[in-house]
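Open the model in your viewer and keep the sequence panel beside it. The stops below say what to select next and what is there.

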Amino acid sequence: MSVAQVEEGVQLAPRFDSDGLIACVTTDVTSGDVLMVGYMNREALERTIETGDAHYWSRARQVLWRKGATSGLTQSVVEMRIDDDQDAVWLRVRVAGSGASCHVGYRSCFYRRVRTGNERSAGHDLVFTEEHKTFDPAEVYGDVANPTVL
């Protein structure tokens, strides 16, 4: 494909990185808030397009997963967009259940703000932007291993 076809054409031609992944920004269709940033491999992208439910590739666990398969907090795709050079995807979704998308229990994975500039001297580096969790991860996930890998 030519640059013109990729940037101006009507054919989906996703450009996966050297690990076979493409970045995916996921936002709430109603509020516009960023819920999460994830990655998709070819299969996750194809399943998302086919089913209308968000699928991702977990870099930590090296596994394909349908968002909400364990918790019930599935993400129903209302709109999927691809950027100009087709190396990033944007999903606008409606989340089932409590509307949470973060495995920690918050609505958004971006539940903390980083202090910048003059505000840095005011104390801790991070400030919580969500006052409470929408669900208790221990109740929802039970003995399922935490997906965060350090």
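A polar contact is a pair of N or O atoms within 3.5 Å; within protein, one of the two must be able to donate a hydrogen and the other to accept it, and residues adjacent in sequence count only if both atoms are side-chain atoms. Keep that in mind for several stops of the tour. The model is predicted.

**The whole chain**

Start with a cartoon view of the protein. Its secondary structure amounts to 3 helices and 8 strands, and the order from the N terminus is α-β-β-α-β-β-β-β-β-β-α. The C-alpha trace spans about 50 × 40 × 30 Å along its principal axes. Switch to a surface: the accessible area is about 9,300 Å², with 49% of that belonging to carbon and sulfur atoms. Of the 150 residues, 33% are buried. Among contacts with a separation of 6 or more, 45% join residues 24 or more positions apart. If you colour by charge, there are 16 positive and 22 negative charges, and their mean positions lie 4 Å apart.

**The largest nonpolar core**

Nonpolar side chains in soluble globular proteins tend to be buried together. Select C24, M40, Y56, V89 and L91. These touch the most other members of the largest nonpolar core, which has 21 residues. Then colour β1 (22-28), β2 (34-40), α2 (42-51), β3 (55-58) and β6 (88-95), each of which supplies at least two residues of this core. Which of the elements gives the most to it? That is β6, with 4 residues.

Stay on L91 and show what surrounds it. Beyond its neighbours within four places in sequence, L91 is in contact with C24, V25, T26, T27, M40, T48, A54, Y56, V77, E79 and M80.

**H55 in β3**

Next select H55, which lies in strand β3. Is H55 buried or exposed? Its relative accessibility is 5%, so H55 counts as buried; the cut-off for buried is under 20%. Now show the backbone of D53: its oxygen lies 2.8 Å from a polar atom of the H55 side chain. Outside the four places on either side in sequence, H55 is in contact with M40, A44, R47, T48, W65 and R66. For a sense of scale, draw a line to R107, 52 residues away along the chain; the two C-alpha atoms are separated by 18 Å.

**K67 and S101**

Move to K67, in the loop between β4 and β5. K67 counts as buried because its relative accessible area is 10%. Its side chain reaches the backbone oxygen of S101 at 2.7 Å. Residues touching K67, apart from those up to four places away in sequence, are M36, A54, Y56, L73, T74, Q75 and S101. A C-alpha line from K67 to T26, 41 residues apart along the chain, gives 11 Å.

Show the side chains of S101 and Q75: they make a polar contact with each other at 3.1 Å. Not counting residues up to four places away in sequence, S101 touches L35, M36, K67, Q75, V95, Y106, R107 and C109.

Select F135, P137, Y141, N146, P147 and T148 to see what H103 touches, residues up to four places away in sequence left out.

**Two glutamines with positive phi**

Most residues other than glycine have a negative phi. For the last stop, select Q62 and Q86. Q62 sits in the loop between β3 and β4 (63-66), and its phi is near 55°. Q86 is in the loop between β5 (75-82) and β6, with a phi of about 60°. Which is buried and which exposed? Q62 counts as exposed because its relative accessibility is 52%, whereas Q86 is buried, with a relative accessible area of 3%.

How values were computed. Residues are numbered from 1 along each chain as its sequence is written. This is a predicted model: local features need pLDDT of at least 70, side-chain atom pairs count only at pLDDT 80 or more; totals for chains, interfaces and linings use all residues. Side-chain values use heavy atoms; hydrogens and water are left out. A nonpolar core is a set of buried Ala, Val, Leu, Ile, Met, Phe, Trp, Tyr and Cys residues joined through side-chain atoms within 4.5 Å. Buried means under 20% relative accessible area, exposed over 50%, partly exposed in between (1.4 Å probe, protein chains only). Contact means heavy atoms within 4.5 Å. Accessible areas come from the Shrake-Rupley method with a 1.4 Å probe; for residues, only the protein chains shown count as cover. Lys and Arg count as positive and Asp and Glu as negative; His and the chain ends are not counted. The place of a charge is taken as NZ of Lys, CZ of Arg, CG of Asp or CD of Glu.
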